[in-house]
Amino acid sequence: MSLKDQLDLQRLPRHIAIIMDGNGRWAKERGQDRLYGHHEGVESVRTIVEACAELGVEYLTLYAFSTENWDRPVYEVNGIMELLVNTIRKEVNTLTKNNIRLHVIGDMTMLPPHCCQELEEAMAITEHNTGLNLVMALSYSSRWEILRATKNIAKDVQAGKLKPDDITPDVWEQYLCTAKLPDPELMIRTSGECRISNFLLYQLAYAELYFTSTRWPDFRRENLYEAILNYQTRERRFGKTSEQIQQNEEIVS
Ligand code: IPE
Ligand code: IPE
Ligand code: MG
């Protein structure tokens, strides 16, 4: 039986988040420039987006560029930004054809203006699509997001719009970039590093983490199915006991 056929489609994660790591090493291993790895990585993005849309995953968040990535050599940063603009331009029709809606989380003000414009247009064009929500994390980091949320909450309290005692978890979450998104159930990181690197620190509180040594440009459909299958073997307890979880499942079924 193929890996895809082994998936339990009733128990898919609603939201998968991916740290797409290893483009640079993939290129270097082939005696190529790092940018070559980023170009090849786009093919994996295309494939994984398509695979998630086909399976019926509702949200896919891809970490494409972090706040800290701005400190990379200028030529690499510029190359990634150009790649981003060209890819969005080329793919927007395919997104629409596949009923995919594009969202962006991160500090858009840091992006070059033409990049921002391209993204704004693509988000507007795909706004009414009802299939997969593709969330690109660009110029994003959790610490930036949490600081921004804190400042905005402080401003609202100062302006009398909000009382400190009214800051419940639900209210607090409205100040995050992910306000309208459910938390990811599965977080995948490629290329061997077992760290979070400032990605969705708050939202990943109870996510299942999956680390694979496969470099991002090599990560394709079968690798995704393998990650989801692994996720489906896990018992998600949320602080409860195994017995409680099993009792609950019996009641539901
Ligand atoms: C991930 O690949 C893409 C970005 C961070 C933009 P890397 O460029 O980090 O590749 P490695 O980790 O150096 O191999
Ligand atoms: C994380 O990868 C960010 C993205 C994939 C966009 P990095 O390559 O920047 O992370 P570190 O530096 O290895 O932690
Ligand atoms: Mg890296």
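Ligand 2 is surrounded by Ile19, Met20, Asp21, Tyr63, Ala64, Phe65, Ser66, Asn69, Arg72, Arg189, Arg195 and Ser197, where a residue counts as near if one of its heavy atoms lies within 4 Å of the molecule. The structure is a predicted model, in which local features need pLDDT of at least 70 and side-chain atom pairs count only at pLDDT 80 or more, while totals for chains, interfaces and linings use all residues. Residues are numbered from 1 along each chain as its sequence is written, chains are lettered from A and ligands numbered from 1 in the order in which they are written, and side-chain values use heavy atoms, with hydrogens and water left out.

Oxygen atoms of ligand 2 lie 3.2 Å from a side-chain N or O atom of Asp21, 3.2 Å from one of Arg72 and 3.3 Å from a polar side-chain atom of Arg189. Taken alone, ligand 2 exposes 390 Å², of which the protein buries 78% (accessible areas by the Shrake-Rupley method with a 1.4 Å probe).

Ligand 2 sits in the largest pocket, meaning that more than half of its atoms lie within 2 Å of the pocket's grid points. A pocket is an open set of points, on a 1 Å grid over the protein atoms alone, where a 1.4 Å probe fits, with protein on both sides within 12 Å along at least five of seven lines; lining residues have an atom within 4 Å of a point. About 1000 Å³ of space lies in this pocket. It is lined by 41 residues, and Met20, Asn23, Tyr63, Ala64 and Phe65 are the closest to its centre.

Methods: A polar contact is a pair of N or O atoms within 3.5 Å; within protein, one must be able to donate a hydrogen and the other to accept it, and residues adjacent in sequence count only if both atoms are side-chain atoms. Grid points are joined across faces, edges and corners, and a volume is the space filled by probe spheres set on the points.
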